[in-house]
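Today I'm looking up charges and rings in one protein model.

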Amino acid sequence: MVVHASYRLISYSQEIIDGQPIYVSSNCLPVKALKYEPAGHSFHAVALKLLGWEEDANEDVDDEKVPNDREQAYFPSYDSYSSKGKKKSGAGGNQQDHYALLGLSHLRYLATEDQIRKFYRETALKYHPDKQAALLLAEETEAAKQAKKDEIESHFKAVQEAYEVLMDPVKRRIYDSTDEFDDELPTDCAPQDFFKVFGPAFMRNGRWSVTQPPPSLGDENTLLKEVDNFYNFWYTFKSWREFPHADEFDLEQAESRDHKRWMERQNAKLTEKARKEEYARIRSLVDNAYKRDPRIQKRKETEKAEKQKKKQAKYLAKKLQEEEAARAAEEERRRKEEEEKRAAEAALQQKKLKEKEKKLLRKERTRLRTLSASVLSQHLFDLSEEDVESLCMSLDTEQLRNLCNKIENKEGSEQAKAIRNALGHIDESEGKKQDEKNLQQNGFAESNRSINVKSFEKKEKPWGKEEIELLRKGMQKYPKGTSRRWEVISEYIGTGRSVEEILKATKTVLLQKPDNNKAFDSFLEKRKPAPSIVSPLSTREEIEGVPTPQVPQVSGAKMDIHEESPTASNQSPGDVAAANGVSSSSDQDVWSAVQERALVQALKTFPKDANQRWERVATAVPGKTVNQCKKKFALLKESFRSKKSTA
């Protein structure tokens, strides 16, 4: 070879100058480093160019790129590895059948190491090149002999390679994973052919299980517990199958450590993807089998029937309970209705009885008032209308009847004496009751009864209206914050009330609401007397105040002579005429105090629900008609309301 002396040598090795061949090897990547001497593959390429072994066709192109890349540093990227180290695909990628070479086609992945070792020895002795020398002699030409020799040696090398792969656990696992396998899965079948279709599929895929041997699918008579264990095993299936991809990188062809790591990551991605697909395939097989398993379907139907039965039983129990509750509620309703009916009848009977008693009591009271009218008119024994009313309110029906029977056929003095005796008995009975009450409350002996009664009366002394008004005014006059407030208020009241009594009264008496029943009576008491008009029909005795005998009025009208007016001389002739039942045409609306009290008492005696109420009221009020009584009642009610609203 001619040496080109015109090139500048980058190395002064004598071998290069003489043109002798030099063998160079390196595992470095080609790099662009213009400021440095080439090394490795670049050194080899440059040396060949300098020696004229390779024409630099792209020299002009490289020279144009050099100035632009001088100042740039070159760093290798992982993209440069994408086409390096890949396994060849196509015809060259077909692998040999290791089991067939060793005579283990009938066992394949089930072959043990001892069996592999035994069959390898037999095959190696049989196909050793020294044992095949007779075949070379049978060939006539040298070319045929050489071809036969190469065939024998390649076959023997294949046997050795098969032995090495099958004896290495990792390589054998990879080879078994890529061995011929039927990945097809059954998707549907007839119910009677379930075990025939899915049984072989589970047995075929059971070879990849880490746990050996895998459970069997069984048959129709298999226990449900074993069936559940079978499906639990396959739902948690773990496979040892490897997944070498067709374009998987060969780690042995890595040019550097980084290249090898990049190959490992790419292989891991492909393997993980294939493993997920494998687990999805197994899961679809298990799902299809579980969905069509007649044993599972039968159990589901049984559970569904049992659940429906429990639901029906629960519904019937609930319905029965509701019917029982409805029956009990109906019985309770009937019982309550009967009780209410009996209670209403009893209340009605009691009401009728009370009405009857009240009617008899009113009759006896009216009778007593009528019989005592003559005694009151004569002022015997200083008896007054209040005494008669006290008897009417204190005695019961039987006592009133006895008293009326006693005084009915007697004269005025005897009648007055009987009434006086009845009043004395009432006072004695009330005194005894009060003494017994005081003894029970205080718990003292009979010897100290008088002292205890006095102290009790002192403690429980009622508050009068004037005292209450003074207490209210004192609290307003001496508000909170006043020094010794309650002592000052006690002195302001001036009735000898203690501080304890005043404090108690502020919590009880001042907080009491006014009695509406007595409001109208107090209103009548506070009313100013109407101006009296002298009637021309009045007599001399009426004007001068001479008492005249009066006829008893019907229906128990009050005839309190002493309380008609403050003095007899102030009584007008018109009032006397109205009291005697005589009313003039011009002064029909003039009412005396006696007539007003008679109207009030009649309104109390005859309630709203009484039959012919206003006729009875007019009869009880002397000298007044029904219309006059109604008009007077309306005036009194309006006056009372107006006074109450102003207060």
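I started with the positive patch, where helix α12 (residues 294-378) gives the most, with five residues. The patch is formed by Lys354, Lys358, Lys359, Arg362, Lys363 and Arg616. Lys and Arg count as positive, Asp and Glu as negative, and His and the chain ends are not counted. Each charge is placed at NZ of Lys, CZ of Arg, CG of Asp or CD of Glu. Helices are DSSP runs of H or I, at least four residues, numbered from the N terminus.

Before going on: this is a predicted model, where local features need pLDDT of at least 70 and side-chain atom pairs count only at pLDDT 80 or more, while totals for chains, interfaces and linings use all residues. Residues are numbered from 1 along each chain as its sequence is written, and side-chain values use heavy atoms, leaving out hydrogens and water.

Lys354 is partly exposed because its relative accessible area is 44% (buried is under 20%, exposed over 50%, partly exposed in between, with a 1.4 Å probe and protein chains only).

Next, salt bridges: a side-chain nitrogen of Lys or Arg within 4 Å of a carboxyl oxygen of Asp or Glu. The structure holds 27 of these. I looked up Arg241 and Glu278, whose closest N and O atoms are 3.2 Å apart. Arg241 is in the loop between α10 (224-235) and α11 (257-292), Glu278 is in helix α11, and they are 37 residues apart. Arg241 has 9% relative accessibility, so it counts as buried. Glu278 counts as buried too, at 6%. Glu278 also meets Arg281 in a salt bridge (2.6 Å, N to O). These two are three residues apart in helix α11, so about one helical turn separates them.

Last, rings. Which tilted pair did I look up? First the rule: rings of Phe, Tyr and Trp (its six-membered ring) pair if their centres lie within 6.5 Å, and planes under 30 degrees apart are stacked, over 60 edge-to-face, the rest tilted. A search of the whole structure finds 18 aromatic pairs. My tilted pair is Tyr99 and Tyr175, with centres 5.7 Å apart and planes at 45°. Tyr99 lies in helix α4 (residues 98-102) and Tyr175 in helix α8 (residues 169-177), so the pair ties together parts 76 residues apart in sequence. Both Tyr99 and Tyr175 are buried.

Key
Patches are made of residues with over 30% relative accessible area and no salt bridge: like charges are joined within 9 Å, nonpolar side chains (Val, Leu, Ile, Met, Phe, Trp, Tyr) within 5 Å. Accessible areas come from the Shrake-Rupley method with a 1.4 Å probe; for residues, only the protein chains shown count as cover.
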